[in-house]
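Please keep the sequence and the 3D view open while reading.

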Amino acid sequence: MRLISEPPIPVKIQKMKERVRWRHSTMLQRGIDQTSMVIDDGKDENPEFSFLVIGDSGTKSHYGHHPQREVAELMLAHKDDCRFVLHTGDVIYVVGSHEYYPANFIEPYREFLVGGENPKNIAYDRMTFNLPFLPVLGNHDYYDVPFAYRWLTGSTLRLRRMLRYKDFEIGWHGSNQGDAYSRAFLDYLAALTSPEELHHHLDQNYTGKTDTGRCLRYIPGEFTRVPNRYYSFRYGGIDFFALDSNTFNMPSPLPTTQAGEIYRQELQKRRQEIDKEEEQILAISDRLNPDNPADAEQLDDLSAKLDQINEVKIDIEKQLSSHQSPTIDFEQLEWLRDRLIESWHTSEVRGRILFFHHPPYVTEATKWSQAQTLAVRHRLRWVLEQVKENLGSLTQGRPLVDLIFNGHAHCLEYLRIADTGYADSHIPCIVSGGSGRRPRRQRSEGTELLEKFTELPSSPIRKVADSLLYVGRYGYGSQTRLPYSCVRVDVQDGYPLKFIVRPLVAERVDQQWYQHEMEPLML
């Protein structure tokens, strides 16, 4: 029984446009750029600054312990030294429902919210941050519950157990096609019902300056909304680009060749195999008692396996359903291309950082070879190739982007892209997706990522990235170690851009918590 549905890409795009009144005549008349913002904290001109990165965090406590809160406490030790928090997506599990914002976001991060001393009084759609929280959408922030299943999944624990899902955070609602996320974090202009309200709101909150007009002004402690599902801002001479990778991650159609048909049959066989594996896991789960600490740890491990199985199923279904050319959000990709070109032609900009949910490069066991991973990789390359062609010798051999942050894979990983032969070469990537949801293991195939560049039998297989650090689940049984993580990034003065990345880890071992800071990465 499938308990999760995902809206098609055109629906995601259109719904998000409606919520921010995309290109409304009032916006155009005022010269407002709906994809830009400025952080008005009085410190954005300082070239030395720090920020935090988290991702895949929005989950509840697990059998008496709350990993997300452990990570939040790691962050608190650095809060006063950092200017903002980047969130790489999956803010709320499992289906982005507004029901879970109080327990899965507001309560864990209460110190980052105005009025956080009384978190129960904060509505999810009225949050104001005292330290900027700058998120992007994850796949779970778009998920929904099919209507026919809501009465089952949202009612009693007994009915949940009839469905044999003992630890599924699904209630009466889903995300409503990303609406809950939009009301929590975006400037939800669709809620302004009269022209007078809209005019007053824009004149009060869209006073930031751009090269072509005005943009949203983000003021910590006062007005803390982001303008769109994808957006950019400049801080300390660095251009940050927040992307919605959910609208350019659809796999390409399977080839209509004999090889394509063989692969389709392999996918169908794999789907049947994991259905059986799921049944076996659920049968074991039914015999365990969550009130017993030993059983609770095993249930947590089995629940992690069920999470992985569900994600593999979704990826297989995306591939099997892609009969025609996939919908690709070219409007966003072309926006990124044009903004990167503009950034390189702006003398006061000394670097560029991208952050989005789906990693183009990763070695986590279930994500590294997914069709969605490859789709994001190829679309990012498509953008960067056009940027490279436009810039010519202007880059002087530097990578087009200084750093990429992602989530989706439940781990902390540092990778460096190799010489791929394309414009994504030599970019460092950090996956920060281990901030609350169950950590995942690294793949057994090793730390070198290889890629075959065409379907021709004679096509060379080439190394495209190296994993230089991986922090995720390891060990088995009572020796299982569960490291949850975030990173602090210290940006150095000067050019070319230099970073010190400090991995922060809260590790659960044998029902005990241990917090530590790993050796910093010099990038």
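Phe112 is buried, and Phe133 is buried as well, where buried means under 20% relative accessible area, exposed over 50% and partly exposed in between, with a 1.4 Å probe and protein chains only. The model is predicted, so that local features need pLDDT of at least 70 and side-chain atom pairs count only at pLDDT 80 or more, while totals for chains, interfaces and linings use all residues. Residues are numbered from 1 along each chain as its sequence is written, and side-chain values use heavy atoms, leaving out hydrogens and water.

Rings of Phe, Tyr and Trp (its six-membered ring) pair if their centres lie within 6.5 Å, with planes under 30 degrees apart counted as stacked, over 60 as edge-to-face and the rest as tilted. Across the whole structure, 29 aromatic pairs are found; two of them involve Phe133.

| Pair | Centre distance | Plane angle | Class |
|---|---|---|---|
| Phe112 and Phe133 | 5.5 Å | 75° | edge-to-face |
| Phe129 and Phe133 | 5.1 Å | 20° | stacked |

The relative accessible area is 1% for Phe129 and 3% for Phe133. Ring pairs also join these residues into a cluster whose members include Tyr101, Phe105, Tyr109 and Tyr181.

Tyr109, with a relative accessible area of 0%, is buried. Leaving aside residues up to four places away in sequence, Tyr109 touches Ile54, Ser57, Gln68, Ala72, Met75 and Phe133, a contact being heavy atoms within 4.5 Å.

Lys79 lies over the face of Phe112, at 5.7 Å from the ring centre, by the criterion that NZ of Lys or CZ of Arg is within 6 Å of the ring centre and within 35 degrees of the ring normal.
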